[in-house]
Amino acid sequence: MDQELADQFAAMGVDVAVADAPVSEEVEVMPANWNSLCVWLACQNQWRTVVRGTAIVLLGLDMPAVDVVMRRLKAADEVIEDLLVMETAALNVLHGAN
């Protein structure tokens, strides 16, 4: 958070700390995982959802749509295994599981 944003919070009566150094948003990806990450990012809007009250709950990836993305990107069949692992991890984070 920079000083300008901290000043805006202070104007609303909220005291926040200003970071000393900028936080890097770069993430290193191992070459063996690159194709899986590319497919994962291409599938970011391919989730099955349900509405519960006022909340939209993600149920999991829409696998027929994922299959289309994988074919269009000419992804190896092994990528689906990585996507399933990432889907489970994402759902655990989104639903608050450990």
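Does aspartate 67 count as buried, exposed or partly exposed, and at what relative accessibility? Aspartate 67 counts as partly exposed, because its relative accessibility is 39%; buried means under 20% relative accessible area, exposed over 50%, and partly exposed in between (1.4 Å probe, protein chains only).

1. Basis of the note. This is a predicted model, in which local features need pLDDT of at least 70 and side-chain atom pairs count only at pLDDT 80 or more, while totals for chains, interfaces and linings use all residues. Residues are numbered from 1 along each chain as its sequence is written, and side-chain values use heavy atoms, with hydrogens and water left out.

2. Salt bridges. The count is two, a salt bridge being a side-chain nitrogen of Lys or Arg within 4 Å of a carboxyl oxygen of Asp or Glu. Aspartate 67 is paired with arginine 71, with 3.1 Å between the closest N and O atoms. These residues are four apart in helix α3, so about one helical turn separates aspartate 67 from arginine 71. Arginine 71 counts as exposed, at 53% relative accessibility. Aspartate 62 and arginine 48 also form a salt bridge (3.0 Å, N to O). That pair joins distant parts of the chain, 14 residues apart: aspartate 62 lies in the loop between β2 and α3, and arginine 48 in strand β1. Arginine 48 is partly exposed, at 44% relative accessibility.

3. Strands β1 and β2 pair in the antiparallel sense over six bridges; pairing requires at least two bridges found by DSSP. Arginine 48 has glycine 60 of β2 as its bridge partner. Two residues lie between the strands of this hairpin, and glycine 53 in the turn has a positive phi of about 65 degrees. Helices (H or I, at least four residues) and strands (E, at least two) are DSSP runs, numbered from the N terminus.

4. Helix α3. In α3 (residues 63-72), the buried residues are Ala65, Val66, Val69 and Met70. They fall within an arc of 140 degrees seen down the axis, so they line one face of the helix; the arc is that of the directions from the helix axis to the C-beta atoms. The face turned away from the buried side carries the exposed residues Pro64, Arg71 and Arg72. Just after α3, lysine 74 has a positive phi of about 55 degrees.

5. Helix α4. The buried residues of α4 are Val79, Leu83, Glu87, Ala90 and Leu91. They cover an arc of only 105 degrees around the axis, which puts them on the same side of α4. They pack against α2, β1, β2 and α3. Exposed residues Glu81, Val85 and Val93 sit on the face turned away from the buried side. After α4 comes glycine 96, whose phi is positive, near 80 degrees.

6. Nonpolar core. The largest nonpolar core has 13 residues, and Val39, Trp40, Val66 and Met70 are among those with the most contacts inside it. Such a core is a set of buried Ala, Val, Leu, Ile, Met, Phe, Trp, Tyr and Cys residues joined through side-chain atoms within 4.5 Å. Helices α2, α3 and α4 each supply at least two residues of this core, and α4 gives the most, with four. Leaving aside neighbours within four places in sequence, methionine 70 is in contact (heavy atoms within 4.5 Å) with residues including Val39, Val79 and Leu83.
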